[in-house]
Amino acid sequence: MTSAQSTDHLLPTPPHDPFFRAVTAPAFTHELLAGLAAGRYAAVRVPGFLPRERCEEVLAALKEREFDSYGTNRIHPPVMRFGVGVSDHMADGGVADGYWKALEGHREAWQGLGLSFDPFRTCREGIAADWPPGVAVGRRGGREMGEGVAREPNQGFQVHFDDALREYADDLLDTPLIGQFAFNLYLSVPPSGGETVLWRHRWQPEDEAYRLPNASYGYDEAVVRGAESIELTPEVGEGLLIDPRFFHAVRPSGGDRRIALGFAVGVSASGRLLTWA
């Protein structure tokens, strides 16, 4: 026996945070949402959140439409999307007036799909079915924010985090938020790749040394070197909530389109869930 073989069993087991975990359940329950907000979980997955036939209806309609990309000066590699997100309309720590005009076109485009149901409303209601304070689309200056977008990150998303508290100089919504989730509903998934990866690491000032040039949102993956991680492989019809304040990324897809509906979910001071995109 070599010396390396004789000491392998003595190597320490990497530490594990029992609260940094993904939970799979048949529905989003009050306990699971409260646990995600409190930090007891990092992610909650609900397989079959939306029936496959409804996923296929939305997907078929979207495949007949042309997708735009997020601003490539901010997000690289390019991520395609159908709809308008507020992140492309930031101005001096606030929201540019152009967002509201773009949102009008966004709503017309979604209504033009001719769907038999409202997928974003259906998703909101499913998330909050067991949440007594309820859910609503968030408002800013009394105006309703966007409900959601369809995203296609076939080349992946760089390592980043999402935190409205840090991204905006004042409260993004009219109601202050005490917690934030990110929601995705998968309409189509590739045969390989497309995984969502979360790291047990939240932003620290020294992380700015790893920010990628010409990409205001992304970081070199070295920023999470050594951090505990979770890898989640998407499934059609699955609803996923994560704590987006953890650094996270999406791996490039192989062989097919990865399309998901997505929006942010905030926990307001009153306990009501408020969404925006």
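Is cysteine 55 buried or exposed, and what is its relative accessible area? Cysteine 55 is buried, at a relative accessible area of 0%. The close-ups below come from a predicted model.

**View 1. Cysteine 55 and cysteine 123.** Cysteine 123 is buried as well, with a relative accessible area of 1%. The sulfur of cysteine 55 has its closest cysteine sulfur in cysteine 123, at 8.4 Å. Seen from cysteine 123, the closest cysteine sulfur is that of cysteine 55.

**View 2. No disulfide between the two sulfurs.** A disulfide needs two cysteine sulfur atoms within 2.5 Å. The sulfurs of cysteine 55 and cysteine 123 are 8.4 Å apart, so they are too far for a bond. The disulfide count is zero.

**View 3. The centre of the largest pocket.** The largest pocket holds about 980 Å³ of space. Its lining has 43 residues. Ser87, His160, Phe161, Asp162 and Glu167 lie nearest the centre.

**View 4. Elements around the largest pocket.** S12 gives the most, with five residues.

**View 5. Residue classes in the pocket lining.** The lining of the largest pocket has 26 nonpolar residues. Nine polar residues and eight charged residues make up the other classes.

How values were computed. Residues are numbered from 1 along each chain as its sequence is written. This is a predicted model: local features need pLDDT of at least 70, side-chain atom pairs count only at pLDDT 80 or more; totals for chains, interfaces and linings use all residues. Side-chain values use heavy atoms; hydrogens and water are left out. On a 1 Å grid over the protein atoms alone, a cavity is a set of points where a 1.4 Å probe fits but cannot get out, and a pocket is an open set with protein on both sides within 12 Å along at least five of seven lines; lining residues have an atom within 4 Å of a point. Grid points are joined across faces, edges and corners, and a volume is the space filled by probe spheres set on the points. Helices (H or I, at least four residues) and strands (E, at least two) are DSSP runs, numbered from the N terminus. Ala, Val, Leu, Ile, Met, Phe, Trp, Tyr, Cys and Pro count as nonpolar, Asp, Glu, Lys and Arg as charged, and the others, Gly among them, as polar. Buried means under 20% relative accessible area, exposed over 50%, partly exposed in between (1.4 Å probe, protein chains only).
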